[in-house]
Amino acid sequence: MSAQEVDRDKIREQLLAEIARADDLEVLEDVRVASLGRNGTITSLMKSVGQLEPQERKEAGRIFNSLKQEITAALANKQEQLKALQLSARLASETVDITLPVRQDPAGTIHPISQTIDEMVTIFAQMGFVVADGPHIESDFNNFTALNIPPEHPARQEHDTFYLPEKEDGSRLVLRTHTSPVQIRTMVSQSPPIRIIVPGRTFRADYDATHSPMFHQIEGLVIDEETHMGHLKGCLIDFCRNFFDVDDLPVRFRPSYFPFTEPSAEMDIGCSRDSGGLKIGRQGNSGAGDWLEILGCGMVNPRVLQNCNIDPQRYQGFAFGLGIERAAMLKYGIPDLRTFFESDLRWLRHYGFSALDMPGAVGA
Ligand code: PHE
């Protein structure tokens, strides 16, 4: 046996014993430094090779190299074992109490507009409506012409509507003044039966306690071969009773006018102002009932169907549109519409909703 082999066997035995004995990662690291570190035993052996006679060097290099590899592998192996032991000890000592209530995150709230949209969509989804949407910048055709709104209609005036600069061909794009253009987009691209709900942003040049230049609407559209005015009324009455959570909510339909529906109506809900504040629901005993206008609706005008290449002899249906801010103000007692968009943190904390609240159809 060569002198190198004797050295190797001695060091090998000693190191393997130390590695086997190491019972935590720190001790193991000490063994690594003492053997493979800059001044470690194996490192010094490797260095000593340079001092040997040239004919001995190759063999000595091979012997020490295999020692280095063996010890490196033994260290890595033991390190893995110790880590696994450490982990199972931690798992055994730490416990998770799954019965603890969820921590409420105080950092943020759901905006009342988002909450209201979620509530409305939930109710209509249960009636079989699907959500559709469209762009905020619309063609004059989708926003007005296809909806049978004539050129002289006041909504087309500059002071009511935000127009984009005229294009070279003389046409103008608009910031949509209602969600009704999505009726057109849907009827042009899908064939009946259609049952959609369209929550979204709309724009008009208005600003006071009940109007903001940017606001939200939700539009509904049903087109098939059978749907009639009775369905319109039933659907909207169910919706309002559900949304306001008042089972015997009084409602009434007043004749009205929209160019895109015929006949058209406005729907009012009952409220009382007896006790100073406004309360949605049964009117006071005095009989002097108060009414609040809540939405516009009607049977889709056959001309609108025609504009979308839908045969009015075969298909009919209803449409409605309501303002989301207004509904939220009534339901949650928010007095000024402008506050929705002021981003006042005190207001948001007061009127906002917890992210953990599931918006549900109350009473459903
Ligand atoms: N688009 C109408 C508005 O903005 C509301 C409406 C929609 C009326 C659908 C009837 C049918 O006032």
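Biologist: Is Arg 90 buried or exposed?

Modeller: This is a predicted model, and every value here is computed from it. A residue counts as exposed when its relative accessible area is over 50%. Arg 90 has 51%, so Arg 90 is exposed.

Biologist: Which side chain meets Arg 90 in a salt bridge?

Modeller: For a salt bridge, look for a Lys or Arg side-chain nitrogen within 4 Å of a carboxyl oxygen of Asp or Glu. Here the partner of Arg 90 is Glu 94, at 3.3 Å from N to O. Glu 94 has a relative accessible area of 48%, so Glu 94 is partly exposed.

Biologist: How many salt bridges does the structure hold?

Modeller: The count is 16. Among them is the pair Arg 62 and Glu 59, with 2.8 Å between N and O. Another of them joins Arg 8 to Asp 9, where the closest N and O atoms are 3.1 Å apart. Asp 9 is partly exposed, at 26% relative accessible area.

Biologist: How are Arg 62 and Glu 59 placed in helix α4?

Modeller: Read the spacing along the helix. Both belong to α4, residues 54–93, and they are 3 residues apart, so about one helical turn separates them. Glu 59 is partly exposed, with 38% relative accessibility.

Biologist: Which residues gather in a patch of negative charge on the surface?

Modeller: A patch takes residues with over 30% relative accessible area and no salt bridge. In this model, Asp 23, Asp 24, Glu 26 and Asp 30 form such a negative patch. Take Asp 24. Asp 24 sits in the loop that runs between α1 (3–21) and α2 (25–36).

Biologist: What does the domain assignment of the protein chain give?

Modeller: Domain 1 covers 2–93, and domain 2 covers 113–363. Their C-alpha centres are 78 Å apart.

Biologist: Where is the place of Ile 98?

Modeller: Look at the loop between α4 and α5 (112–126). Ile 98 is exposed, at 78% relative accessible area. Now compare sequence with space. Ile 98 and Asp 133 are 35 residues apart in sequence, and their C-alpha atoms are 41 Å apart.

Biologist: Which residues does a cis peptide bond join, with omega about 5°?

Modeller: Read the omega angle of each peptide bond. Pro 192 and Pro 193 are the pair with the cis bond at about 5°. Pro 193 lies in the loop between α7 (181–189) and β4 (194–203). A cis bond also joins Glu 262 to Pro 263, with omega about -5°. Pro 263 belongs to strand β7, residues 261–272.

Biologist: Where does Ser 343 lie?

Modeller: In the loop between α10 (324–332) and α11 (345–351). Ser 343 is not a glycine, yet its phi is positive, at about 55°. Its relative accessible area is 57%, so Ser 343 is exposed.

Key: Residues numbered from 1 in each chain as written. Predicted model: local features only at pLDDT ≥ 70, side-chain atom pairs only at ≥ 80, totals over all residues. Heavy atoms only, no water. Patch = residues over 30% accessible without salt bridge, like charges linked within 9 Å, V, L, I, M, F, W, Y side chains within 5 Å. Areas by Shrake-Rupley, 256 points an atom, 1.4 Å probe, with all protein chains shown as cover. Lys, Arg positive; Asp, Glu negative; His and termini not counted. Charge placed at Lys NZ, Arg CZ, Asp CG, Glu CD. Helix = DSSP H or I, 4+ residues; strand = E, 2+ residues; numbered from the N terminus. Buried < 20%, exposed > 50% of the residue type's maximum accessible area, 1.4 Å probe, protein only. Domains from an automatic or database assignment.
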